[in-house]
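Let's take a walk through this model, starting with the overall fold and then stopping at a few spots worth a look. Keep the viewer open as you read.

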Amino acid sequence: DARDYTVAACWEFIIPGKGMEVVNIGAVSFPAAVHKGVVEALGKGESFERVLACAAEDIDAQVTSLADAYRRLLLPPAPYYSVLMEGCLESGRDLSYGLKYNNFGIHGAASSSAADALAAVRQTVFERKTIPSCDLLQALDHDFQGFESLQKELKEDAPKVGNNEDSADGFLVWLFEQLARACESYGDNGRGGILRPGSGSAMYYVWLTKGHRGMSEPVVGATADGRRRGEFFSANLAPSPGVTVRGPISVLQTYAKLNYARVCNGGPITIELADSVFRDDGAIRRVAMLIRAFAQIGCQQLQLNTLNVKTLLDAKRHPERHKNLIVRVWGWSGYFCELAPEYQDHIVERHVYALGEPGIIANGKETPCHESNVRIAPADGQHPVPRCIVQQPSGEDHRQQQGRQSHHALHDRRLS
């Protein structure tokens with residue numbers, strides 16, 4: 001059956017003709033779990049191990065809450081669909097009563113942001129002791145107003161997911177292990193299936209920051225990675241917004257550390273390529289080598305997009321000029337000018353990689369970059385994986401340009 005899989009909705013897996021699965025019943029908010037662990041443990045003067053324990057307990061609680069809400073799921077009869085499913089005609093049983101596979105999927109959302117927060121707390125509070133616990137708690141409570149230097153240390157000096165460094169990546173792995181353990185421990189989902197943990201975030205990279213009508217997942221304000229209230233979380237498997245990374249290879253190496261045998265509900269590594277990648281004859285070869293590196297390193301899913309930040313910003317100012325501009329949103333594509341402003345903003349602020357000489361472009365300035373010297377043999381065995389440039393538009397500059405905060409909901413296109 002596994003060889004006959006297909007993708008449902010955005011990136012979740014199902015077995016055609018044999019699965020009556022609900023691949024997205026909601027999301028575990030990793031940032032909320034970590035935030036609870038930080039606040040509870042530091043508030044009592046406890047150890048970093050207690051921070052982790054509290055976070056793990058909250059992940060358990062979130063999984064249980066999501067699964068319990070679906071235990072008595074009732075589906076309407078679907079006789080026409082049932083005709084296409086294996087065994088329904090033979091047994092005279094509608095697919096709404098279940099098929100061979102009846103699993104539920106749960107997103108592990110905003111994983112990089114949560115891992116960054118854990119790495120920052122361990123380094124600044126417990127290892128270097130540069131930030132007292134009480135100061136961090138006050139800063140979080142005040143959304144870092146009056147604590148700008150503390151926020152800068154959390155954002156700029158602490159380890160970040162995406163650089164192939166275990167000081168941050170280890171917490172990414174730990175978070176997904178806790179999610180997998182919680183799903184496995186829950187057992188039968190009430191329909192003879194299991195809970196499948198996934199690494200996608202769908203719309204939750206925005207919803208978990210602001211809330212949304214009908215959403216049961218917890219919303220969290222300022223977080224210990226230096227993120228302020230209302231700022232976006234990381235989407236799918238991608239570094240947190242605004243984080244400096246070495247390049248696409250280090251990003252792939254980071255997410256190859258996950259145990260996808262346990263985190264099996266899908267969720268792509270999301271990489272945005274600058275349109276400059278495709279301006280010469282070697283473009284296809286370079287992108288092909290990047291995809292080969294993804295496969296050989298041992299990752300699960302890859303979502304490649306191409307963006308031009310200047311075009312996106314002009315489309316925000318002059319939508320009438322860009323009516324046909326299509327972008328990847330999470331597991332689906334849509335017209336950029338039809339998206340709600342907060343989703344436009346997140347797309348603008350994503351990391352954009354240009355395959356070329358090593359370096360990082362941030363705010364229009366290039367600084368040295370040292371991509372890990374990983375060489376993956378392409379089909380002809382002659383050319384290594386190219387090094388990279390990383391372009392990261394300034395979130396603060398962009399927010400000043402847009403001049404307002406938006407609380408609009410996304411178009412009613414929730415496909416996952």
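Contact here means heavy atoms within 4.5 Å. Among contacts in the chain between residues at least 6 apart in sequence, 74% join residues at least 24 apart. Before going further, a word on ground rules: this is a predicted model, where local features need pLDDT of at least 70, side-chain atom pairs count only at pLDDT 80 or more, and totals for chains, interfaces and linings use all residues. Residues are numbered from 1 along each chain as its sequence is written, and side-chain values use heavy atoms, with hydrogens and water left out.

The chain holds 14 helices and 13 strands, taken as DSSP runs numbered from the N terminus (helices are H or I with at least four residues, strands are E with at least two). Of its 416 residues, 55% are buried. For that label, buried means under 20% relative accessible area, exposed means over 50%, and partly exposed is in between (1.4 Å probe, protein chains only). The accessible surface of the chain is about 18700 Å², and carbon and sulfur atoms own 49% of that; these areas come from the Shrake-Rupley method with a 1.4 Å probe, and for residues only the protein chains shown count as cover.

Now zoom in on helix α6 (residues 133-141), whose buried residues are L136, A139 and L140. They cover an arc of only 100 degrees around the axis, so they sit on the same side of α6; the arc is that of the directions from the helix axis to the C-beta atoms. What do they pack against? The partners are α1 (30-43), α5 (111-127) and α7 (148-156). After α6 comes D143, with a positive phi near 55 degrees.

Next, the charged pairs. Searching the whole structure turns up 20 salt bridges, each being a side-chain nitrogen of Lys or Arg within 4 Å of a carboxyl oxygen of Asp or Glu. In one of them, R181 pairs with D60, with the closest N and O atoms 3.1 Å apart. That pair ties together distant parts of the chain, with R181 in helix α8 (residues 166-186) and D60 in helix α2 (residues 48-70), 121 residues apart. R181 is partly exposed at 28% relative accessible area, and D60 is partly exposed at 26%.

R122 and E127 meet at 3.6 Å, N to O; R122 is partly exposed at 27%, while E127 is exposed at 53%. D314 and R321 meet at 3.8 Å, N to O, and here D314 is buried at 18% while R321 is exposed at 54%. There's also a network of salt bridges linking D1, K18, E86 and K100.

How about disulfides, counted as a pair of cysteine sulfur atoms within 2.5 Å? The count is zero. As for individual cysteines, C88 is buried at 6% relative accessible area, whereas C134 is partly exposed at 45%.

Last stop: N103, in the loop between α4 (88-91) and β4 (104-109). N103 is buried, at 11% relative accessibility. Its side chain reaches the backbone nitrogen of I194 at 2.9 Å, a polar contact (N or O atoms within 3.5 Å; within protein, one must be able to donate a hydrogen and the other to accept it, and residues adjacent in sequence count only if both atoms are side-chain atoms). Leaving aside neighbours within four places in sequence, N103 touches E21, V22, N189, G193, I194 and R196.

Note on methods. Disulfide = S-S within 2.5 Å.
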